[in-house]
Amino acid sequence: QVQLVESGGGSVQAGGSLKLSCAVSGYTVGFCMAWFRQAPGKELEGVAALYTAGGITAYVDSVKGRFTISRDNAKNTLYLQMNMLKPEDTAMYYCAARRTSWLSCSGGLRSGDYNYWGQGTQVTVSS
């Protein structure tokens with residue numbers, strides 16, 4: 001069983017930075033780890049993904065060059081470094097995981113494919 005606990009959300013002004021953490025428990029070798037977000041009144045959106053066996057990453061176009069997904073294996077923690085934040089980045093951010101191949105992990109961020117989820121952490125960016 002995989003358990004995910006997010007932290008690190010908060011309020012920041014546009015142009016600022018935040019680093020989200022996701023504490024991971026359970027066996028996750030060969031897993032796709034991802035960050036999703038959901039803004040009020042909008043659908044859940046995939047932000048970034050990382051394949052644990054090899055570190056391959058993928059990002060949605062709107063965050064490329066601003067966000068970085070990474071993993072500290074020693075701490076069993078997934079991160080999302082968010083720079084140059086914009087008001088449109090305001091959302092609840094969720095950590096998610098699923099067992100899959102690297103090809104599937106990098107091929108798209110569909111929330112329905114993920115079966116392990118954290119409780120979320122709120123990010124608010126003011127203009």
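**Salt bridges, strands and a loop residue**

Author: The term means a side-chain nitrogen of Lys or Arg within 4 Å of a carboxyl oxygen of Asp or Glu. This is a predicted model, where local features need pLDDT of at least 70, side-chain atom pairs count only at pLDDT 80 or more, and totals for chains, interfaces and linings use all residues. Residues are numbered from 1 along each chain as its sequence is written, and side-chain values use heavy atoms, leaving out hydrogens and water.

Reader: Are Lys 64 and Asp 61 buried or exposed?

Author: Relative accessible area decides: buried is under 20%, exposed is over 50%, and partly exposed lies in between (1.4 Å probe, protein chains only). Lys 64 is partly exposed because its value is 47%. Asp 61 has 61%, so Asp 61 counts as exposed.

Reader: How many salt bridges does a search of the whole structure find?

Author: The search finds five. One of them joins Asp 113 to Arg 110, with 2.9 Å between the closest N and O atoms. Asp 113 is partly exposed at 33%. Arg 110 is partly exposed too, at 44%.

Reader: Which residues are linked in a network of salt bridges?

Author: Arg 37, Glu 45, Arg 66 and Asp 89. Within that group, Arg 37 and Glu 45 bring their closest N and O atoms to 2.8 Å. Arg 37 is buried, because its relative accessibility is 6%. Glu 45 is partly exposed at 29%.

Reader: Now strands. What joins S1 to S3?

Author: Strands here are DSSP runs of E, at least two residues long, numbered from the N terminus. Two strands pair if DSSP finds at least two bridges between them. S1 (residues 3–7) and S3 (residues 18–25) run antiparallel and are joined by five bridges. Val 5 has Ala 23 in S3 as its bridge partner. S3 also pairs with S8 (residues 77–82), again antiparallel, over six bridges. There, Lys 19 stands opposite Gln 81 in S8.

Reader: Where does Thr 28 lie?

Author: In the loop between S3 and S4 (31–38). Thr 28 is buried because its relative accessible area is 4%. Contact means heavy atoms within 4.5 Å. Beyond its neighbours within four places in sequence, Thr 28 is in contact with Val 2, Met 33, Thr 52, Arg 71 and Asn 76.

Notes. Helices (H or I, at least four residues) and strands (E, at least two) are DSSP runs, numbered from the N terminus.
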